[in-house]
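Hi everyone, thanks for coming.

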Amino acid sequence: MPGLFDPIELGAIKAPNRILMAPMTRARGTKAHVPTPMMEQYYRDRASAGLIISEAVGITQQGLGWPYATGLWTHEQIAGWRRITDAVHEAGGRIIVQLWHMGRAVHPSFLDGERPVSASATTAPDHAHTYDGRQPYEEARHLHADEIPVILADFHRGALNAIEAGFDGAQIHAANGYLIDQFLRDSANLRDDEYGGSTRNRIRLLKEATQAVADAIGADRTGVRLSPNGETQGVSDSDPLPLFAEALETLSEIGIAHLELREPPIDGTFGIGEVDPLAAQLRPYFKGPLILNSDFTPERAEAEIAAGVGDAVAFGRPFIANPDLPYRIREHLPIATDDASTWFTQASEGYNSYPAAI
Ligand SMILES: Cc1cc2nc3c(=O)[nH]c(=O)nc-3n(C[C@H](O)[C@H](O)[C@H](O)COP(=O)(O)O)c2cc1C
């Protein structure tokens with residue numbers, strides 16, 4: 001029976017333990033979306049994770065609408081990330097990038113006033129983070145089918161740039177109500193062409209983007225993150241189980257290195273799942289390593305790995321306040337709590353201020 005401290009192969013990446021760091025946007029880049037030096041220490045300090053999945057990183061300006069988040073489309077951005085991946089590798093760690101296109105969740109203020117793009121002309125609920133505070137989202141423009149090759153090329157180039165930046169691989173952000181999720185789930189996809197309607201059609205962008213990244217860097221360095229249960233940022237599905245079962249079969253055929261499911265439990269503290277996590281029901285449809293996430297304690301992680309629900313667990317907030325989380329779990333030391341008010345500030349406080357246990 002595998003445990004949290006057994007090694008695991010995630011495609012080409014050999015993780016020495018199954019305590020992975022979940023992707024977390026921390027807004028410590030510049031306005032030009034370039035990584036800053038303080039990010040080198042942050043990621044280096046977390047190198048004992050079995051694998052670090054980076055914060056979401058924009059593949060283009062069209063797809064990036066988060067203040068001070070970073071990108072991977074300019075030489076400066078690639079060079080900035082190179083310093084971070086070098087720091088992680090020197091500390092003995094492994095790091096992949098999470099490739100991000102936010103779709104309708106990009107506010108026009110990031111796009112010189114242009115409208116964001118999505119599966120259909122819909123509007124995300126609530127308010128966007130912008131450089132001028134929170135502002136209401138605006139209606140997206142429906143992506144024409146002949147524009148989709150451009151999006152695929154952006155994912156392909158983003159993956160190539162990730163390798164140039166020294167990442168060990170890439171995870172496609174297909175979760176949490178962003179562009180690919182806007183195509184997948186029927187609350188946001190109202191199309192009637194080959195990218196809408198049937199589950200097969202709604203999965204098409206996910207399949208093509210995954211193939212584009214796998215063609216660039218190898219399927220054994222390509223992972224995907226999905227959020228099958230409940231609603232995120234106004235994106236949900238009327239019948240998620242068949243949709244995600246088919247998506248998992250499709251990703252299995254491509255032979256990706258890992259699949260991560262971000263599923264808040266019903267009593268979740270980062271998003272509330274209106275339905276229980278679907279991981280146990282979806283597991284049979286995916287042949288590769290399955291990573292579980294959201295609200296895991298070390299005990300629940302051990303139990304679900306032992307029960308075969310998943311193969312590894314990604315911890316988010318626990319890694320913010322505990323850079324040496326695997327050590328603390330192994331030694332049964334107290335796990336510190338993070339301060340949510342410093343998640344997205346540009347300060348070192350709440351970022352590089354959490355000490356290791358020893
Ligand atoms: C500050 C913060 C930023 C996050 N940014 C991202 C992100 O960039 N990409 C993503 O897929 N999920 C993101 N998430 C969600 C986390 O990956 C994870 O799903 C969530 O924190 C629940 O896991 P936990 O209970 O272990 O913290 C973020 C969460 C937090 C707290």
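Let's begin with Arg202, which is buried, at a relative accessible area of 7%. Keep in mind that what you're looking at is a predicted model. So who does Arg202 meet in a salt bridge? Its partner is Asp237, with N and O 2.8 Å apart. Arg202 sits in helix α5 and Asp237 in the loop between β11 and α6, so this pair ties together parts that are 35 residues apart in sequence. Asp237 counts as buried too, because its relative accessibility is 14% and the cut-off is under 20%.

Okay, on to α6 itself. This helix runs over residues 240-254, and its 15 residues reach 21 Å from first C-alpha to last, close to the 21 Å expected. Among its buried residues are Leu243, Phe244, Leu248 and Ile254. What covers the buried residues of α6? The cover includes α4, α5, β11, β12 and α7.

Side chains of opposite charge can pair when their charged atoms come close. How many salt bridges does the structure hold? There are 14.

Here's another one: Glu40 with Arg83, where the closest N and O atoms are 3.8 Å apart. Glu40 is in helix α1 and Arg83 in helix α2, so the pair ties together parts 43 residues apart in sequence. Glu40 counts as buried at 19%, while Arg83 is partly exposed at 46%.

Last one: Arg283 forms a salt bridge with Asp311, at 2.9 Å between the closest N and O atoms. These two link distant parts of the chain, 28 residues apart.

Terms used
Residues are numbered from 1 along each chain as its sequence is written. This is a predicted model: local features need pLDDT of at least 70, side-chain atom pairs count only at pLDDT 80 or more; totals for chains, interfaces and linings use all residues. Side-chain values use heavy atoms; hydrogens and water are left out. Helices (H or I, at least four residues) and strands (E, at least two) are DSSP runs, numbered from the N terminus. The expected span of a helix is 1.5 Å times one less than its number of residues. Buried means under 20% relative accessible area, exposed over 50%, partly exposed in between (1.4 Å probe, protein chains only). Contact means heavy atoms within 4.5 Å. A salt bridge is a side-chain nitrogen of Lys or Arg within 4 Å of a carboxyl oxygen of Asp or Glu.
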